[in-house]
Amino acid sequence: MDLVFCTEARFVRRSSGVVYSIDGGLTNSLWERYLRKFGHVYVMARVLLDDDYPINDKDLASNERVSFIDLPYYVGPIQYLKVRRKLNKIVAANLMSGCVYICRVPGEIGTLMARHLKKNGMPYGVEVVGDPWDVFAPGAVRHPLRVYFRYRGTHDLKQTVAQANAALYVTEYQLQKRYPISNSVFSISASNVQICSCNLPSSGKKLYKKKEYNLLSVGSLEQMYKAPDVVLQALALLKTRGVDCKLTWLGEGKHKEAMRKLASTLHISNDVIFKGNVSRDEVDETLRNTDLFLLVSRTEGLPRALIEAMAMGLPCIGTQVGGIPELLDEQVLIPVDDSQALTDKIEFLLNHIEAIDKQASRNYEFAKKYYDSILQQKRESFYQYLISIVK
């Protein structure tokens with residue numbers, strides 16, 4: 001049986017027909033999890049036809065068993081409104097009986113497809129990977145219609161999930177509480193992280209006293225979801241306290257230059273490296289050289305970057321938002337938008353070797369439940385259920 005996968009992710013197609021993921025999130029390595037159960041995967045998504053758009057060869061997203069149903073390429077609400085009618089026509093024209101449909105939500109495309117499927121009496125499953133209530137929280141997005149997007153997105157997601165025939169949540173309980181399924185509907189929790197145990201260390205990292213510590217944070221700078229401003233403010237405060245740290249930030253986006261300027265204003269430009277988007281190998285190498293991982297997001301589903309850091313045996317600090325409290329010890333959680341609390345927590349851990357080593361060991365063991373070999377069993381039960389109700 002074939003799968004139609006509807007996603008908000010964006011792709012670029014070369015004139016040769018080959019398709020690449022723009023952000024590196026949905027590539028052939030990820031499609032493998034679906035191809036174990038489905039003969040062919042049709043990806044319905046925004047696709048840009050462009051031979052010059054910069055891409056990484058490792059982000060190849062099409063092959064002989066994965067093809068794309070190209071939707072008009074748009075970015076932002078204004079462009080969306082311009083192509084909405086065309087989107088509806090393409091979605092309606094590509095309703096194929098005998099296929100499994102999975103809508104990755106939140107997002108306009110998954111929501112739109114779910115409505116068409118419901119209208120035509122066709123079953124669908126949802127992969128719930130985020131929360132618009134948090135995504136459009138104050139400080140996370142700067143847009144004049146932020147409040148409208150917050151309420152509308154939350155309403156649409158609740159409706160889409162409530163009407164689904166099966167649901168896979170990336171969290172254990174956070175998203176389930178806000179976006180519940182209907183009674184007796186099949187549901188399961190399984191993160192969308194990909195961790196292979198073959199590339200991991202044999203134990204949690206041991207910290208030792210040194211003059212300067214390496215901090216790492218990962219996340220797109222296209223929006224302020226990951227609170228880079230809070231991290232920079234904490235780094236400046238640490239410097240005034242005589243705690244010397246170097247911060248590496250992995251991730252690209254329109255706010256990177258503003259964050260460079262903030263670092264300059266805070267007199268920490270020499271203490272921060274904005275590396276942008278890097279290869280998987282460089283991510284792994286950076287993790288190996290890190291002493292403490294920070295994820296102080298304003299919004300989250302179940303963060304893959306955090307699980308990857310935990311699997312590498314790193315001590316971590318995170319905010320009390322989304323699925324982060326499901327992953328980390330309560331003692332290393334801080335409130336959102338609190339640079340003072342982040343500073344205090346970093347200073348405490350770096351000055352208490354026993355405490356930070358305990359967190360590293362705890363994270364290493366906890367992350368084992370997110371190894372791909374374990375999560376794939378959960379995912380396949382979700383796929384199999386959808387196959388059973390389509391037959």
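1. Disulfides. A search of the whole structure finds 0 disulfides, a disulfide being a pair of cysteine sulfur atoms within 2.5 Å. A disulfide is a covalent bond between the sulfur atoms of two cysteines. How far is the sulfur of C6 from the closest cysteine sulfur? The distance is 4.4 Å, to C103, so it is too far for a bond. C245 is in no disulfide either, as the nearest cysteine sulfur, that of C316, is 15 Å away.

2. Basis of the model. This is a predicted model, in which local features need pLDDT of at least 70 and side-chain atom pairs count only at pLDDT 80 or more, while totals for chains, interfaces and linings use all residues. Residues are numbered from 1 along each chain as its sequence is written, and side-chain values use heavy atoms, with hydrogens and water left out.

3. Burial of the cysteines. C6 is buried, with a relative accessible area of 0%. C245 also counts as buried, at 5% relative accessibility. The cut-offs are these: buried means under 20% relative accessible area, exposed over 50%, and partly exposed in between (1.4 Å probe, protein chains only).

4. The largest nonpolar core. This core holds 122 residues. A nonpolar core is a set of buried Ala, Val, Leu, Ile, Met, Phe, Trp, Tyr and Cys residues joined through side-chain atoms within 4.5 Å. Which members touch the most other members? They are F11, W31, Y34, F293 and L342. Helix α7 (residues 228-240) gives the largest share of this core, 7 residues. Helices (H or I, at least four residues) and strands (E, at least two) are DSSP runs, numbered from the N terminus.

5. L342 and a second core. L342 touches V230, V231, A234, L294, V296, I317 and I334, leaving out residues up to four places away in sequence. Contact means heavy atoms within 4.5 Å. A second, separate core has 5 residues, including F136, A140, V141 and F149.

6. Aromatic pairs. The whole structure has 13 of them. Rings of Phe, Tyr and Trp (its six-membered ring) pair if their centres lie within 6.5 Å; planes under 30 degrees apart count as stacked, over 60 as edge-to-face and the rest as tilted. F5 and W31 are edge-to-face, at 5.5 Å centre to centre and 75° between the planes. F5 lies in strand β1 (residues 3-13) and W31 in helix α1 (residues 28-35), so the pair ties together parts that are 26 residues apart in sequence. F5 is buried, at 0% relative accessible area. W31 is buried, at 0% as well.

7. A second pair. F11 and F68 are also edge-to-face, at 4.8 Å centre to centre and 65° between the planes. The pair links distant parts of the chain: F11 is in strand β1 and F68 in strand β4 (residues 66-71), 57 residues apart. Both F11 and F68 are buried. Elsewhere, ring pairs join F5, W31, Y34, F38, F382 and Y383 into a cluster.

8. Charges over rings. The charged end of R46 sits over the ring of Y74, 4.5 Å from its centre. R362 lies over the face of F366, at 4.5 Å from the ring centre. The test is NZ of Lys or CZ of Arg within 6 Å of the ring centre and within 35 degrees of the ring normal.

9. R13. Is R13 buried or exposed? R13 is buried, with a relative accessible area of 19%. This residue is found in strand β1. Its contacts beyond four places in sequence are V18, V19, V47, L48, L49, D50, F68 and D70.

10. W133. This residue is in helix α4 (residues 132-135). W133 is partly exposed, at 24% relative accessible area. W133 touches R150, Y151, T154, R178 and Y179, not counting residues up to four places away in sequence.

11. Helix α10. Residues 304-311 form this helix, and 7 of its 8 residues are buried. Those are A305, L306, I307, E308, A309, M310 and A311. They pack against β9 (213-218), α9 (280-288), β12 (292-295), β13 (316-319), α11 (324-327) and α13 (353-366). G313 follows α10, with a positive phi near 80°.

12. V218 and A305. V218 is in strand β9 and is partly exposed, at 22% relative accessible area. V218 and A305 are 87 residues apart in sequence but 6.7 Å apart in space, C-alpha to C-alpha. Beyond four places in sequence, V218 contacts K226, L250, F293, L294, L295 and A305.
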